[in-house]
Amino acid sequence: MPAIRALEFFCGIGGLHYGLLLSQSSSDPASNEPAVAREDACTVVEAYDINHVTNAIYTHNFGVRPEQKAIEKLTVKELDAFKANLWLLSPPCQPFTRVGKRLDDQDPRSKGLLHLISLIPKLSHPPTHLLLENVVNFETSQSRNKLVSMLTRENYEFEEWILSPLQFGIPNDRKRYYLTARKKVTDDESGDASVKLSDPRPVDDKSAEMTKDELINVPLNLKMEWPHPVRPLDALSSYLDSHLNGQIGGSTPHMPASTLIGSETTDSPNSNSKRKNEATDVDALKIPEAFVNKRKFISDGYVVGPADKKSACFTKAYGHHGIGAGSFLQTKGFDVPKNLDDPSAAVETYGLRFFSPMEVARLHGFPVKESQADSESVGKEKGKEFTFPADSTLIQRYRVLGNSLNVVVVAGLLKYAVFGGK
C-alpha cells in the first residue's frame, strides 16, 4: 500500500502510535531480533485527545502535541485536508464497561466515536484502513452496530477480535475488543488494491434498501485465536525493573537487589534525587497498611512471582484504590506456603509490592529501557523510547497506563489483519 498517513483519535499516551511504528518494523514478531522501524513507512499526521495529562506524556515522547479538541467538533473539511489512509481509534470505554452504567450510545462520552462514524461517508478522502480498540462488551453495543453498519454500507471488509497479550507471548491478561477494517477496491479503481479479508461477512438481505441512518443486521463473528507467529511466553522477571532504590524482599534469584535507580523516567539528570514520589523508588511501591486493612483476604490470583507467566489486568485504579485493579508482585517468602487470609501479614511475609509504572508499561508493550523483553522495542532506533515526564505523579502514571492498550497486540493486528502482512 502507499505510505501510511494516520490519524490517531483518542490517542492517550500514544499506544496506537507505538503500535503503528512496531507494525512497520523489520523484525519478525516470533523472533528475538530488535525491531527497526522504517522511517519512511508511516506518519501520524495528527493525534487528538482532550486529556491534558496524557497529551503532556505524548508530547514528551513524540515531540508533537496532540490537538486538544473535542472530536465531536471536527469537520469534514478538517479531516479531508489530511488525506489520511489509516484511522486509529481507542474511544472512551466507560460507556461499555461491565462495572459502569453501560449507557452505550446514550453516554456523552460516545459522542466523539458516533461523530466519526457519521463523517466517514461524507469524506472525499475516507480512510482505506482502520483499527479500533475497546473493552470487552463493546461487541454487543449499539455503538458497534452503528459502526459496522456504516462500514458495510461504505464497502469495507472487517474482522472483530477478542484478544489478550497472553496470546502474543506477554505475561499479562488484558482481553480487549478490536476491529480491523480495509476498504474494498475494485479493479477499475486506481492505486493499490486492498487485500481482501477472510470470511466475507453476510448481511441481511434487506441491507441494500437501508438508508444511511438505518442499522444493518451484521452478525457478530468474533475471532478469539491469533493465527500468526508469536514469541514464546515470557516470565514476569523479563519485565521487572532491575535497579530499584531500596529493598522490600531483599535480593532473590529473580529480582537482584541494587542501590542504584534504573529505568530512567526523565531527561533531567538530577530528577531522581529531587523527587520523593519517583516511580522507581521501591518505597513508593510498598502497599500501604490502609490499603489492605479494609480487606479480609487477598485473592491468590492477584499475587504473582517473578517466575510466573501471567499477571492480572492493570486498571486505572491500580496503586491507589482497592484490591483487584492488578497483580501484586511477591519478592520474598517463596519457600513459605502461601496464606493470604490476613492481608497485612501477607504483605510482610511475601514482600508484596506494586508493579512500578515502567514495569506495567513493559507489560503493555511500550518500548522501555532496562527490559529483557526489548526485542519488541522500536524506541531506540526511532528516538521514541517511552518515558514519563518528570512532573507526572505516580498516580497519574498508573491511571494513564490503566486507560491505555497493548502496543504489541495493536502492532500484530495492524501488520497482519489491517495491512495484510505475511
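Helix α12, residues 407–418, lies across β3 (86–89), β4, β5 and β6. It runs at about 30 degrees to β6. Angles go from 0 to 180 degrees between N-to-C directions, with axes fitted to C-alpha atoms, for helices over the stretch in contact. The model is predicted: local features need pLDDT of at least 70, side-chain atom pairs count only at pLDDT 80 or more, and totals for chains, interfaces and linings use all residues. Residues are numbered from 1 along each chain as its sequence is written, and side-chain values use heavy atoms, without hydrogens and water.

Helices (H or I, at least four residues) and strands (E, at least two) are DSSP runs, numbered from the N terminus. Seven strands form an open, mixed sheet, ordered β2-β1-β3-β4-β6-β5-β7. Two strands pair if DSSP finds at least two bridges between them. The edges are β2 (42–48) and β7 (222–223), each pairing on one side only. Strand β1 (residues 4–9) runs parallel to β2, joined by six bridges. Ala6 has Val44 in β2 as its bridge partner.

Now the core. A nonpolar core is a set of buried (under 20% relative accessible area, 1.4 Å probe, protein chains only) Ala, Val, Leu, Ile, Met, Phe, Trp, Tyr and Cys residues joined through side-chain atoms within 4.5 Å. The largest has 75 residues. Leu413 is among those touching the most other members. Helix α12 gives the most to this core, 10 residues. Beyond its neighbours within four places in sequence, Leu413 is in contact (heavy atoms within 4.5 Å) with residues including Leu131, Trp161 and Trp226.

Technical notes. Buried means under 20% relative accessible area, exposed over 50%, partly exposed in between (1.4 Å probe, protein chains only).
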